[in-house]
Amino acid sequence: ASTSGAEHASARARGAAVERDEPPAIGIRCVAYNNQSNRLAVSRTDGTVEIYNLSANYFQEKFFPGHESRATEALCWAKGQRLFSAGLNGEIIEYDLQALNIKYAVDAFGGPIWSMAVSPCGSQLLVGCEDGSVKLFQITPDKIQFERNFDRQKSRILSLSWHPSGTHIAAGSIDYISVFAVKSGSAVHKMLVDRQYMGVSKRKCIIWGVAFLSDGTIISVDSAGKVQFWDSATGTLVKNHLIANADVQSIAVSDQEDSFVVGTAEGTVFHFQLVSVTSNSSEKQWVRTKPFQHHTHDVRAVAHSPTALISGGTDTHLVIRPLMEKVEVKNYDAALRKITFPHRRLISCSKKRHLLLFQFAHHLELWRLGSTVATGKNGDTLPLSKDADHLLHLKTKGPENIICSCISPCGSWIAYSTTSRFFLYRLNYEHDNISLQRVSKMPAFLRSALQILFSEDSTKLFVASNQGSLHTIRLLEGSFKHLHTFQPQSGTVESMCLLAVSPDGNWLAASGTSAGVHVYNIKHLKLHCTVPAYNFPVTALAIAPNTNNLVIAHSDQQVFEYSIPDKQYTEWSRTIQKQGFHYLWLQRDTPITHISFHPKRPMHILLHDAYMFCIIDKSLPLPNDKTLLYNPLPPTNESDVIRRRTAHAFKISKIYKPLLFMDLLDERTLVAVERPLDDIIAQLPPPIKKKKFGT
């Protein structure tokens, strides 16, 4: 899969220029695992909340955009798949997982909220506040209701945990742990924590995490690097483990209470297991079994699923480490994975003008790619004759993060959306000058758009709202006209997260957060067909020119081709499902995020994930499990017969560092945007220095 050298040079030059204006990387603050739905909620330091579907190959299926005033400190699931967060603005927030917006926010009136916990039965919510109060809320079917305060403590409540029976709670503060009786709300015990830190008395000891077990044991983790076991009935310390030279910041216990995981400020994750003292003894004790070093910085949050240890922190990575003894089938679940980038695109491209639009939390950047007149042989990096240009820095007003953005193929329009506003700009180019004209009075129904897409001829704009409807807008010179709204099917409010329009402008495909794909006829403004539902979410879709075949990638790495005119799967797609994909293809653990097509080669499908770029040539035979999938190009001295025999449909390149974007600009030029992980790490504050032996 070779391309001309110009695109490599231009893409690399662009990367070098953009990295200087990179915002700080956004670390992970909290994680919450839901056993019923096997989903993981993750909140980041800018207030963004992401939902990962662990049953669907850990795909990031939903997200809620961040907000400057929402510094999330706690995240938890309640009965009926309800998700709550709380933070330093003193509010408790519930999220609407269907419409992908915030249902409501309630002020707890205790100052900043540092901790939160849901009762074992899932009907009550506790929050720990800056003013030392612990507040109990009742979770009603449509909201939460304040019930009462517990005895107020002297300092902020940094961690909370319910006893599995629901009768008592443990609250971690500064220098002590309190045990409350839920019925009376009064403190039953106060356990003072030793301030000794590596033999030196520290001023304060912060209890970052507590876990209340069925047998009455309370496990605490603190800023002095200790994991401690307490007897809640007597209020005494039972056992002490000094495990780190820095804070132990997080703890999560398995449902069976036979294993727990803690994260430290040194980036280490420790696993503790309850094991028998001797082989035939019923007596058991907690033993530290394994330390893992998958993070470079603080591990602020951990979770424990039935099959994996999950951790996240300042270095932005979400790490899922499988517990090999719990994994029955050696497939996706047996792979260690680091999720670093969102499973959606944050870059759009104007092919006609060779422009790239980059989306950040609070601004957009427009760059013109560099170019070269030099020539060279395959694989050369060519010198630039014209450097990349930074054309535009468009900053948003207000505290809300940008949800989605897009530049039109002709380069004359930019659209983006936040939770409460939709913006459309007309761009005018005069030589090297660029002027921006904002289109005023955008209708209110466009705000909270989850996806924006322009038609190939840049005359129409398609907007997917968070209420499940799809709006079609005609673009006029500096203004617009609302043409039609496709309403969601059968009364469901399912948000459409992915859109694809056919190059001829006749068809629009839209996919929601579950598995269905709807195809609309844009000319006749009606639903044309629905692709049969598949039980894994869609990660990318695109409509091929000429044939109007819809290519759909799912999170389990299956790729389908569906003929829109014939309303059925194509012959090639049926063949692939009969034979099956290569086992190495199915074992990949990053989702395909983009699909495109070569204008002059109708048999080629181009697609990429974060670590590979692939061309599928439908005219060649499929590889079977005995074939080399990642086949290098055969040597030139081999005969054509052998070369044809070893050739198969998949041409895969893994030369790129994490790949955020890749697309064809024209039939000879490909643009790739890489985001090296080292650059992200370089922006972070330095990790805690560790003294090495002998230094």
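Which residues form one aromatic cluster with F560? In this predicted model, the cluster consists of Y534, F536, F560, Y562 and Y569.

The structure holds 17 aromatic pairs. Among them is the pair of F137 and F146, which is edge-to-face. F137 is buried at a relative accessible area of 2%, whereas F146 is partly exposed at 44%. The rings of W585 and F650 also form an edge-to-face pair. W585 belongs to helix 3 (residues 583-586) and F650 to strand 54 (residues 650-653), so this pair links parts of the chain that are distant, 65 residues apart. Both W585 and F650 are buried. The geometry of the two pairs is listed below.

| Pair | Centre to centre | Angle between planes |
|---|---|---|
| F137 and F146 | 5.5 Å | 70° |
| W585 and F650 | 5.0 Å | 65° |

W585 has a further contact: the charged end of R588 sits over its ring, 4.1 Å from the centre. A lysine takes up such a position at Y176, where K190 lies over the face of the ring at 4.7 Å from the ring centre.

Backbone geometry gives another topic. K441, which is not a glycine, has a positive phi of about 55°. K441 lies in the loop between strand 38 (433-438) and strand 39 (449-454). S448 is found in the loop between strand 38 and strand 39, and its phi is near 60°, again a positive value in a residue other than glycine. Are these residues buried or exposed? K441 counts as exposed because its relative accessible area is 76%, over the 50% cut-off. S448 counts as buried because its relative accessibility is 10%, under the 20% cut-off.

Notes
Residues numbered from 1 in each chain as written. Predicted model: local features only at pLDDT ≥ 70, side-chain atom pairs only at ≥ 80, totals over all residues. Heavy atoms only, no water. Helix = DSSP H or I, 4+ residues; strand = E, 2+ residues; numbered from the N terminus. Buried < 20%, exposed > 50% of the residue type's maximum accessible area, 1.4 Å probe, protein only. Phe/Tyr/Trp six-rings, centres within 6.5 Å; stacked < 30°, edge-to-face > 60°. Lys NZ or Arg CZ within 6 Å of the ring centre and 35° of its normal.
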